[in-house]
Structures are given as C-alpha cells and as structure tokens.
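Me: I'd like a close look at one part of this structure, taken slowly please. Could you walk me through a stretch of the sheet and what sits around it?

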Amino acid sequence: MVIKGFIETSFVDWDGKICSVIFLPGCNFKCVFCHNHKLVFNYKDLPDISWNEIKKKLLHHKGWVDGVCISGGEPLMDPDLLSVIEEIRDLDLLVKLDTNGSFPDLLKNLFKKKLINYVAMDIKAPLDERYGRITQVKVDLSKIRESIKLILKSRIDYEFRTTMVPGYLGKDELVAIAKEIKGAKKFILQNFNPKDTLCDNLKDVQPYTDKEMDGFKRAIEKYVEFSKVR
Ligand code: SF4
C-alpha cells in the first residue's frame, strides 16, 4: 500500500478523540483552496512511508490513541483502502474516513461491511454550477447527493464540512448547502486559509473574520442539529 503522509497524534482531526492520521495520495478534484496539493498532484516525488513503520508507531501509542483518520487526497480512489482499514482494525483501533463524496458505491460498501466508525464528508459548494468553480473539474452532482443521502440515513457517526472561501462562498451559498443536508447531526464550517493553496491567486485573499464566521454559523443553525466553526 502507498502511504505518503502520517501524523502520529492529532487532537483536531476527530472531535472528542485522539487519533493518528494517514494520508493516501491522489484525488479526482482540484479544489482551488487545496493545501494537500503536493499529495494530490505531485505525490510521486514524495517518499513512501511503510506500513510497518506506521504500525510500530500505532502500537507504541496504543491506549493513548483512539483511532486512525484516513485522509488524502481522496481515500476512496485508493485500491489499497480496504487493506489499510483491515490493518488498522486488526490493531483494535477505530477508523475515520475523510471523503469528498464522489464515490457513493464504495462508501456504501464500507458502511455495509461496518468497516468505519466515522465519516467526514466535504461539501464544496451549493449543488449546482458553483460546485465546479471550487473543484475545477466537472463533478457528477448526483454522486454527491447520493453520498449525502447515504450518510444521513446511516447509523455511522458523521460530519459534513464546508470550507468558506471568500469570493466563492458566502451566506447564500452556505444556506443552500445547509438545505441539502437538512436535519444533519453535524455541520462543520472551516475558514479559508490562504497559506499554500493550489491556486496561487488565492494567496492574497483575506479569510473571513471570526465575527463573519459566527454569522455564517448562525445562518445555518436552524437547518442542522449541531454546527460549529473549526
Ligand atoms: S477534495 Fe480535498 S484533497 Fe482533493 S483537491 Fe479538494 S481539498 Fe484537495
């Protein structure tokens, strides 16, 4: 299996849990704000991290770390994903999956086999022509809708996440997204970070202020059970 990044302990990638994070390379999107673009587009230049090395560290942190977050890139594109999950579960650790929601069939299979404990799905924009402005590729929005439905009716713990990029997303766009996931247990708002984005022209864009982010949160509160700015 090809693993290109590893964080031994993280307090911010899984609410309420201490986790390690594994990064699998490759993605089908080219999000303008992507900070992992080296992992997405130039991953062949990055050294592989061997599973044995990671396993040693996971065993070392056993009892301290609750689980492993599998991130990317888009992990569902990775042919080794199932083996990675099985290896993690063999260590009696919980599994969280980060996804952009474009592979509902694969997600369904993981749910059916009860292989993951938590899923975090990004929703990039309202589900119309504005989606492609962020992802810079044509997205089959029916797949995104299918993943949303699947997650909403699953018994697995989850969150939906949106990164608020000024000039792309504002209050109206966010409310449109919140309506798509109406009744969701958790909706996380992330502020845009101009550091090392895929699109160079975003480097001078100012992130929203804390006050603006709080205003966004208030605007979507009535659509979801819980929301927060992360
Ligand atoms: S889906 Fe995630 S990893 Fe892929 S390009 Fe977008 S931000 Fe980057």
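Reply: Strands here are DSSP runs of E with at least two residues, helices are runs of H or I with at least four residues, and both are numbered from the N terminus. Two strands count as paired if DSSP finds at least two bridges between them. Within this pair, Thr163 stands opposite Gln190 in E7.

Before going on, keep in mind that this is a predicted model: local features need pLDDT of at least 70, side-chain atom pairs count only at pLDDT 80 or more, and totals for chains, interfaces and linings use all residues. Residues are numbered from 1 along each chain as its sequence is written, and side-chain values use heavy atoms, with hydrogens and water left out.

Now zoom out a bit. The pair belongs to an open sheet of eight strands with mixed pairing, in the order E1-E2-E3-E4-E5-E6-E7-E8. Its edge strands, E1 (5-10) and E8 (227-229), each pair on one side only.

Helix H8 (residues 210-220) lies across E6, E7 and E8. In the loop between H8 and E8 you'll find Phe226. Leaving aside residues up to four places away in sequence, Phe226 touches Ala184, Lys185, Lys186 and Phe187 (contact means heavy atoms within 4.5 Å). Phe226 and Lys185 are 41 residues apart in sequence, yet 5.9 Å apart in space, C-alpha to C-alpha.

Technical notes:
Axes fitted to C-alpha atoms, helices over the stretch in contact; angles between N-to-C directions.
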